[in-house]
Amino acid sequence: MATLATRLRRAGILYPFLILFIVLAVSSGPFFTKVNLLDILDQQASTLIIAAAGTLVLVAGGIDLSVGAVYALAGVTAAHLALFASPALAIVAGVAVGLGVGLVNGVIVTAFRINALIATLAMSFVVSGLASLVTGGNLVIDYSHPGFADLARTSFLTVNTSTWTMLAVVVALAVVLSRTTAGRYIYASGSNAEAARLSGVRVPLIKLTTFVLSGGAAALGGVIDASRVLSAQASNGETTLTFTVLAGIVVGGTSILGGEGAMWRTVVGVLFIALIGNGFDLLGLNPLYEQIALGGILLVAVGLDAWSRLRQP
Amino acid sequence: MARLTVPSPASKTGTHVELVGISRSFGGVRALDEVSLTIAHGSIHALVGENGAGKSTLGKILAGVITPDRGQLLLDGEPVTFRSPREAILRGIVLIAQELSIAPALSVAENVFLGTEPRRAGFVARRALRRRFDDLAATAGFELRGDLPGRGLRTADQQKVEILRALCRNARLIVMDEPTAALSRPDAERLHQVIRRLAAGGTTVVLVSHFLREVAELADEVTILRDGRLVRTAPAADETEETMLSSMLGRSLGTTFPPRRPVPPHAPVVLEARGLSAPGVHDASLDVRAGEIVGLAGLVGSGRTELARALCRAQRVSAGTVSVAGGALVGRGPWAALRAGLAMIPESRQEQGLMLGRPIAENVSLASLARLSDLGLVRRRAERQAVAGVLDQVGVRVPAQAAPVSTLSGGNQQKALFARILLRGPRVLVADEPTRGVDVGAKRAIYELLTSLAAEGLGVLLISSDAEEILGLAHRVLVMRAGRIAAEFRGEAMTEAAVLAAAFGAERGA
């Protein structure tokens with residue numbers, strides 16, 4: 001029993017992902033084409049960036065529910081600035097806003113010791129409000145400033161820069177998590193904060209850093225998507241994005257309790273959810289069932305995690 | 001409702017529980033192999049053996065926490081199968097585990113009656129609860145206030161809550177797993193009296209214990225286990241500590257403590273505290289010299305752990321200074337203490353020491369990663385070699401460094417913590433109960449480690465509730481009482497009686 005559970009737990013979503021991939025490749029002609037696959041990656045670029053940083057937050061024992069709001073705020077900030085300033089400045093400002101929100105999140109959670117779930121939930125309302133203030137409730141349209149689109153839509157080796165950016169961020173954060181001392185401290189903080197502290201790990205600093213990275217990543221995602229569609233509005237993303245990101249991380253098998261997880265898991269988890277959506281589109285299934293299927297899968301993933309923990313000797 | 005059925009009163013003599021051919025494996029490792037034994041009504045039956053010998057597993061099988069792979073359990077001659085602790089409780093068998101389970105938000109009385117609260121129309125009847133608690137505590141002879149919050153309860157008091165909880169469920173057989181491991185001597189003595197009274201009243205007590213003296217004093221019968229197999233069950237009167245030990249180990253152990261090496265006369269002071277005050281600690285001053293083991297004794301709750309945590313900056317300090325190797329400790333947090341060369345082995349290895357789900361290697365290298373990395377990237381080969389080196393030094397053989405540290409036995413987990421410290425290489429080590437809950441073999445190994453660390457010039461502050469351990473290892477003993485260092489003994493004056501007297505101080509008999 002234990003070995004089966006351990007194996008299931010280790011492989012996690014990988015087998016279901018491969019099965020779904022093969023099923024879609026066989027049942028849908030347009031699925032297994034370069035255009036469609038690159039399109040999936042391009043569409044998931046921002047989600048993957050945010051989820052990659054979110055993985056660090058979760059492994060360190062935190063949670064960030066403000067990413068949807070930060071995504072929107074950074075998107076409208078950049079889109080707004082792009083109307084009258086250089087695209088570079090717009091992009092930098094957008095990301096900086098996210099880093100700032102992340103810093104505030106981190107300080108609230110570590111210095112004031114407020115539960116991360118509540119702190120970032122509260123911050124998500126504040127940030128959403130700020131986003132609406134920036135836009136005045138309107139859609140910000142940058143069609144007359146196509147230079148802003150270069151960030152996401154420049155093609156390099158037939159692949160969009162948004163996808164390249166995503167790959168760079170995911171690989172960089174994967175290296176941080178699995179190969180660096182900072183990564184070890186992230187695992188240690190989430191696995192046993194007191195043990196980490198007594199071993200000389202500055203747990204608050206580690207946690208704070210993960211929140212800053214999460215804020216920055218959420219902002220980068222927002223800016224990339226605003227650049228891709230040359231518009232942004234305050235209601236972009238919001239809660240749906242936050243929960244899609246969390247779902248991707250958790251479906252991949254990273255524990256919401258901290259101390260366990262890996263970047264490849266998050267990538268597979270996010271893409272798994274994306275494949276379900278893509279499959280519903282390509283196979284012409286009723287999209288209403290997509291959400292139901294997604295929720296069911298999430299429950300199974302979390303259930304499996306809990307079950308295999310119980311079975312551990 | 002949650003009211004439990006009272007088991008029918010049975011004869012006071014004869015067999016209460018019989019185990020026939022019990023086997024149980026965990027992931028390929030056989031924890032129990034064809035173990036058979038009988039436990040008499042109203043007896044105190046001790047289960048002894050090294051960690052991993054299977055005694056805790058046996059206790060858990062009795063109490064329905066674990067189901068055996070093979071074998072039969074007979075209760076008053078009737079075959080029974082417990083699929084859960086609840087089923088065992090319904091038949092009058094309760095386990096008091098090593099890890100106590102106290103709900104911090106509930107009061108002592110509420111904790112005791114958890115799940116069996118007296119109620120009226122669905123509401124907890126508070127007055128009845130308090131009255132029943134007082135009756136119960138009086139019957140058991142405990143001085144324990146029912147309205148204290150569960151949060152922050154001392155281990156000794158938590159233990160009492162667990163026992164009262166078992167009693168109020170009409171337990172006829174109580175399995176106690178290492179009940180005195182975390183208790184100071186007087187608390188343990190009091191618990192012994194409670195156990196005797198329980199047995200005299202007809203309750204059967206199964207005692208899982210590492211303390212062989214306790215077993216010899218307390219038990220009616222002793223079952224010795226080795227590597228999951230039964231060695232023998234015999235009347236405790238026929239056993240001595242030595243006979244039990246040699247059967248457990250399969251060889252006889254020489255002296256328990258390694259020889260003390262004298263501290264060089266001009267050894268520098270490596271840890272110096274002056275007027276240290278923190279929550280639970282008042283105006284404590286102490287010196288530890290290089291190569292010296294200083295014992296810190298005292299009753300549980302006397303401030304030993306608090307002092308250790310204050311020294312290591314794990315707790316906020318309100319006044320006083322700490323110097324390590326001549327340099328004043330500045331900065332906040334254990335990080336600053338560690339940087340200065342002051343490391344700690346915490347009281348609870350699972351809660352404060354280890355990352356249980358993480359690999360052994362990560363647990364060992366955690367405090368030394370800066371040295372094992374280049375530009376923030378962990379040099380994995382160097383790490384693997386360093387970890388293998390220190391694990392070898394502390395005498396832990398691991399199947400794979402990547403295996404979770406939770407797969408190690410308790411003694412080896414503790415040694416892994418020592419390996420972490422060795423790898424870090426501090427000037428001073430504060431070890432808080434380093435041998436709690438580990439088997440005799442591991443204890444001996446830890447004693448040797450502490451002695452050899454001191455011989456290499458480390459200053460050691462050793463906290464222990466085991467007075468023998470402190471007297472056997474330390475060059476000098478400090479005794480704490482009510483948050484202060486009340487006495488210091490060295491040389492001839494270091495006797496158990498003197499230490500105990502100082503620990504109790506003037507309040508004795510109060």
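Visitor: How many residues has helix H15 of chain B, and what is its reach from first C-alpha to last?
Guide: This is a predicted model. H15(B) runs over residues 440–455, which gives 16 residues. At 1.5 Å a residue, 22 Å is expected. The helix comes close to that, with a reach of 23 Å.

Visitor: Which residue follows H15(B) with a positive phi?
Guide: Within H15(B), the buried residues include B:Leu449, B:Leu450, B:Leu453 and B:Ala454. After the helix comes a residue with phi near 105 degrees. That residue is B:Gly457.

Visitor: Which residues have the most contacts inside the largest nonpolar core?
Guide: In soluble globular proteins, nonpolar side chains tend to be buried together. Here the largest such core has 177 residues. Its largest share, 13 residues, comes from helix H11 (residues 203–229) of chain A. The most contacts inside the core belong to B:Val460 and B:Leu462.

Visitor: Are helices H4 and H6 of chain A roughly parallel or roughly antiparallel?
Guide: H4(A) covers residues 67–82 and H6(A) residues 116–135. Their axes lie 8 Å apart, at an angle of about 20 degrees. Angles under 35 degrees count as roughly parallel. The two helices are therefore roughly parallel.

Visitor: What is the handedness of the crossing between H4(A) and H6(A)?
Guide: The contact involves A:Leu73 and A:Val76 of H4(A), among others, and residues of H6(A) including A:Val127 and A:Leu130. H4(A) passes H6(A) in a crossing that is left-handed.

How values were computed:
Residues are numbered from 1 along each chain as its sequence is written. Chains are lettered from A and ligands numbered from 1 in the order in which they are written. This is a predicted model: local features need pLDDT of at least 70, side-chain atom pairs count only at pLDDT 80 or more; totals for chains, interfaces and linings use all residues. Helices (H or I, at least four residues) and strands (E, at least two) are DSSP runs, numbered from the N terminus. The expected span of a helix is 1.5 Å times one less than its number of residues. A residue is buried if 20 or more other C-beta atoms lie within 10 Å of its own, exposed if 12 or fewer, and partly exposed in between; C-beta atoms are placed from the backbone. A nonpolar core is a set of buried Ala, Val, Leu, Ile, Met, Phe, Trp, Tyr and Cys residues joined through C-beta atoms within 7 Å. Axes are lines fitted to C-alpha atoms, for helices over the stretch in contact, and angles run from 0 to 180 degrees between N-to-C directions. Angles under 35 degrees count as roughly parallel, over 145 as roughly antiparallel, 65 to 115 as roughly perpendicular and the rest as oblique. A crossing is left-handed if the near helix is turned anticlockwise from the far one by less than a right angle, and right-handed if clockwise. Two residues are in contact if their C-beta atoms, placed from the backbone, lie within 7 Å.
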